Amino acid sequence: MSAPSPIFVAGTGRSGTSQLANILGEHPQIHRIPIETRFIVDPGGLRDLADALTIRYDPYVGDDALRRLSDILTVRLVGRRDRDRGHTVPAAIGERHYWDAVGRLWSELVASTFDEAVPAAGFGHADWPAGPFEPQSYRRAVPRYFSDRRELLEILRRAVDTMFGGAAADAGKPTWCEKTPFNLLCMDFLWELVPEATIVHIKRHPVAVVASHVDQPWAPPTVDGALAWLKPVYDRWLAWKTTVDLTDKRYVEVRAEDLAADWPGQRRALFELLGVDDFATRSTFQSHRLENRNDQFDSGTREFVERTLDGVIPAMGYA
């Protein structure tokens with residue numbers, strides 16, 4: 001078979017995205033980016049920048065978007081280690097590939113820079129002079145305006161290729177897989193950025209997803225809170241899906257429960273859809289790992305969750 005396309009894994013969170021990404025990364029042709037990179041679809045990332053320098057452009061919007069992207073790429077991702085794997089994003093991708101991509105971006109996205117004078121704190125009150133450590137100026141950037149959005153997307157795509165493609169090449173694999181659950185709500189942009197990408201959406205029964213969210217340190221700890229977190233995600237996804245034609249898109253939708261019920265057969269089918277030969281991965285989907293949420297709620301709580309998600313559960317393919 002020919003080299004597979006790049007892969008984005010998507011889901012609601014707690015639906016099997018991490019396990020699926022691990023499995024894909026064990027295939028000889030697919031390199032899993034080891035952690036969620038967060039700079040494509042998160043607030044202040046490439047998706048926001050693409051709008052700020054095109055359809056939402058003005059100098060202030062662009063300056064703010066560049067500043068937020070710089071904060072993500074040079075502060076947050078450099079200083080934050082992944083909870084599970086202990087890597088920073090540059091270390092997970094490869095420092096050389098990461099900084100080559102980041103360093104090239106600014107010359108391609110910034111038209112010019114200047115220093116804006118900052119009045120002293122006492123300005124207007126007898127004009128007291130600035131203190132010895134008070135900033136005298138504020139660095140500003142004049143962003144480029146891209147009337148042709150495709151030109152900007154090509155710049156951003158090169159950065160992704162340098163990072164993810166470089167990491168895959170270092171691993172001796174022809175393509176890569178990136179997992180961020182809320183890729184689910186950004187498919188239009190992901191295909192705009194990487195038109196040949198395959199997006200794999202893994203689903204799990206919504207009641208089990210709610211139950212799992214309640215136990216996570218990063219999610220609301222109550223059922224009401226988890227439902228308030230999740231229901232808009234389901235609603236947005238389902239509303240979007242009714243408006244888009246996925247016929248000509250590289251889109252794969254799988255259920256975690258189906259993968260567990262017939263792992264070897266479902267694995268073969270999945271790899272065939274991804275354009276690679278079957279491979280017996282170490283990681284699998286197992287029914288007992290999914291069923292452990294079935295009895296987490298008492299009958300009254302489960303009925304409440306099912307009632308709140310009344311339209312969502314069948315729309316996601318569950319009875």
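Visitor: Why is Cys186 called buried?

Guide: This is a predicted model, by the way. In it, Cys186 has a relative accessibility of 5%. Buried means under 20%, so Cys186 counts as buried.

Visitor: How many disulfides turn up in the whole structure?

Guide: The search finds 0. Cys177, for one, is in no disulfide, and the nearest cysteine sulfur to it belongs to Cys186.

Visitor: Let's move to Glu108. Where does Glu108 lie, and why is Glu108 called what it is, buried or exposed?

Guide: You'll find Glu108 in helix H5, residues 95–109. Its relative accessibility is 16%, and under 20% means buried, so Glu108 counts as buried.

Visitor: What makes the pairing of Glu108 and Arg158 a polar contact?

Guide: Their side chains come to 2.7 Å. The limit for such a pair of N or O atoms is 3.5 Å, so 2.7 Å qualifies. Leaving aside neighbours within four places in sequence, Glu108 is also in contact with Arg144, Phe146 and Ile155.

Visitor: Why is Asp64 called partly exposed?

Guide: Asp64, which is found in helix H3 (residues 59–79), has a relative accessible area of 40%. Buried is under 20% and exposed is over 50%, so 40% lands in between and Asp64 is partly exposed.

Visitor: How do you know that the span of helix H9 agrees with what a helix should have?

Guide: Helix H9 covers residues 223–241, which is 19 residues. At 1.5 Å a residue, H9 should span 27 Å, and its end C-alpha atoms are 26 Å apart, so the two agree.

Visitor: Which residues of H9 are buried, and what covers them?

Guide: Among them are Val223, Leu230, Tyr234 and Trp240. The cover for the buried residues of H9 includes helix H7 (187–193), strand E6 (198–203) and helix H13 (299–308).

Visitor: What about the chain as a whole: how many helices and strands, and what share of the residues is buried?

Guide: The secondary structure comes to 14 helices and 7 strands. Of the 319 residues, 48% count as buried.

Terms used. Residues numbered from 1 in each chain as written. Predicted model: local features only at pLDDT ≥ 70, side-chain atom pairs only at ≥ 80, totals over all residues. Heavy atoms only, no water. Disulfide = S-S within 2.5 Å. Buried < 20%, exposed > 50% of the residue type's maximum accessible area, 1.4 Å probe, protein only. Helix = DSSP H or I, 4+ residues; strand = E, 2+ residues; numbered from the N terminus. Polar contact = N/O pair within 3.5 Å; in protein donor to acceptor, adjacent residues only side chain to side chain. Contact = heavy atoms within 4.5 Å. Expected span 1.5 Å × (residues − 1).
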